[in-house]
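Dear colleague,

Please find below the structure that I am handing over to you, together with its sequence. My notes on it follow directly after.

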Amino acid sequence: MGNSIPDAGPADAVPASVHTFYSEASWIEGAAVDQLHHVAGLDGVRAVAAFPDLHPGKYGPVGSAILSERIYPPLIGNDIGCGMSLFALDLPARKLRLDKAAVKLRALEGLWDGDTAGRLIKAGLAPDLHPQALGTIGGGNHFCELQIVDRVSDGHALADAGLAEGQLVMLVHSGSRSLGMAVFSDVDQAHQGLAAGSREAESYLDRHHDAVTWARLNRQIIAERAAIALRADLTLIADAPHNLIEVFDGLYLHRKGAAKADGGLVPLAGSRDALSYLVQPTGTVREALFSLAHGSGRKYDRASMAGRAGATKSDRQQLERTSFGGYVVCEDRQLLIEEAPVAYKSSGQVLADLEATGLATAVAALKPLLTFKKAKAERDTGDRETWKRARKRRQRS
């Protein structure tokens, strides 16, 4: 499978309208805009919406929503159902020791040893549907992050969600892992799209639906694993997938890096060293296709990050701490550099654009305390002294 996006429609076709919801202050690459207009010219595409986290993707623009008569699997890609889930924790912030919590969350590394079959069946899925990957975060920009409710903009909405200022929350970003990859690799890429009602379209939609359900369950189990490690209970506050297809007005709404914004509050993720936000969609701008930005969005692609961050040992060590005094657990050197805060746009600017265009209002800012991405096996024991010794060895290397 190549890195191309679907072929454009007939030469005489009129491109769909492209509605943009970002300002000149946003960092928008020309390549992303080119991808937007290419997608607008695909056969059957009726409307396109683009958000301030817009950036070029492998198969199409990330940070966009596309309404079409046909199904285009490449516009969603392989991480079907990927999204953000926010959970409230009953752990008092005053009792939290970040250094100890950093050790405890290393329990997230490796496979989950729970009842995979039982949880899959309960979710309405086959018990053998990629059980080995269930409860795992994955790579790339996926994470499990411990946060604290910081600035409150809408106290009533926050209270209605069961949250309060100073409360600990957990934000999980992950998707359908190997299942989504299998679904995407098996479908005929059909650069002209899959016709509505066709056997190929129905088969893809069935498996796509399972992947979306699987991804939501995956985020739930990741959060449960983290809560158990921290000896806390959790409550789901919001779940917002941002890689999926839904039927909308008899057409197919493709969301690629665009959060589903028709079901309550939506988390807006920042970088590891930036505030995230909990926002309330207004639902009043139909041209936005009931979607929002899903996070900061990349400013620099992964290939270009090698020269921008982590060039020296001390630089890499600094990437393990934040300006908020928090920790970042990412023991894969390349991933640590690729996901450095400088790789991402300003989450505050993304929020400002969403508010200025009337798409959402802020409920609260969420300050990052501890971000887990990747741990080495030598730290899996949960022993703090082992962790300290391993860190000293890495610093000397």
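His130 is found in the loop between helix 4 (116-122) and strand 5 (143-152); helices (H or I, at least four residues) and strands (E, at least two) are DSSP runs, numbered from the N terminus. The phi of His130 is near 50°, a positive value in a residue other than glycine.

Before the remaining findings, a note on the basis of the work. This is a predicted model, in which local features need pLDDT of at least 70 and side-chain atom pairs count only at pLDDT 80 or more, whereas totals for chains, interfaces and linings use all residues. Residues are numbered from 1 along each chain as its sequence is written, and side-chain values use heavy atoms, with hydrogens and water left out.

A positive phi also occurs at Arg231, where the value is near 55°. Arg231 is located in the loop between helix 7 and strand 7 (234-241). Its relative accessible area is 76%, so Arg231 counts as exposed (buried is under 20% relative accessible area, exposed over 50%, partly exposed in between, with a 1.4 Å probe and protein chains only).

Strand 9 (residues 251-256) deserves a paragraph of its own. Of its 6 residues, 6 are buried. Leu251, Leu253 and Arg255 point one way from the strand, while Tyr252, His254 and Lys256 point the other way. Strand 9 pairs with strand 3 (residues 62-68) in the antiparallel sense over 5 bridges, where two strands pair if DSSP finds at least two bridges between them. In this pairing Ile66 stands opposite His254. Strand 8 (residues 243-248) also runs antiparallel to strand 9, joined to it by 6 bridges, and here Leu244 stands opposite Arg255. The hairpin of strand 8 and strand 9 has 2 residues between the strands, and Asp249 takes a positive phi near 55° in it.

His173 lies in strand 6 (residues 168-174) and is buried because its relative accessibility is 3%. A polar contact of 3.4 Å joins the side chains of His173 and His242 (a pair of N or O atoms within 3.5 Å; within protein, one must be able to donate a hydrogen and the other to accept it, and residues adjacent in sequence count only if both atoms are side-chain atoms). Leaving aside neighbours within four places in sequence, the residues in contact with His173 (heavy atoms within 4.5 Å) include Cys82, Met84, Asn141, Phe143 and His242.

Turning to the aromatic rings, rings of Phe, Tyr and Trp (its six-membered ring) pair if their centres lie within 6.5 Å; planes under 30 degrees apart count as stacked, over 60 as edge-to-face and the rest as tilted. The count comes to 4 aromatic pairs. One of them is stacked, because the rings of Phe21 and Phe51 have centres 5.9 Å apart and planes at 15°. This pair links distant parts of the chain, 30 residues apart: Phe21 is in the loop between strand 1 (17-20) and helix 1 (30-40), and Phe51 is in strand 2 (residues 45-55). Both Phe21 and Phe51 are buried.

Arg272 lies over the face of Phe143, at 4.3 Å from the ring centre, and Lys299 over the face of Trp27, at 4.4 Å; a charge sits over a ring if NZ of Lys or CZ of Arg is within 6 Å of the ring centre and within 35 degrees of the ring normal.

With kind regards
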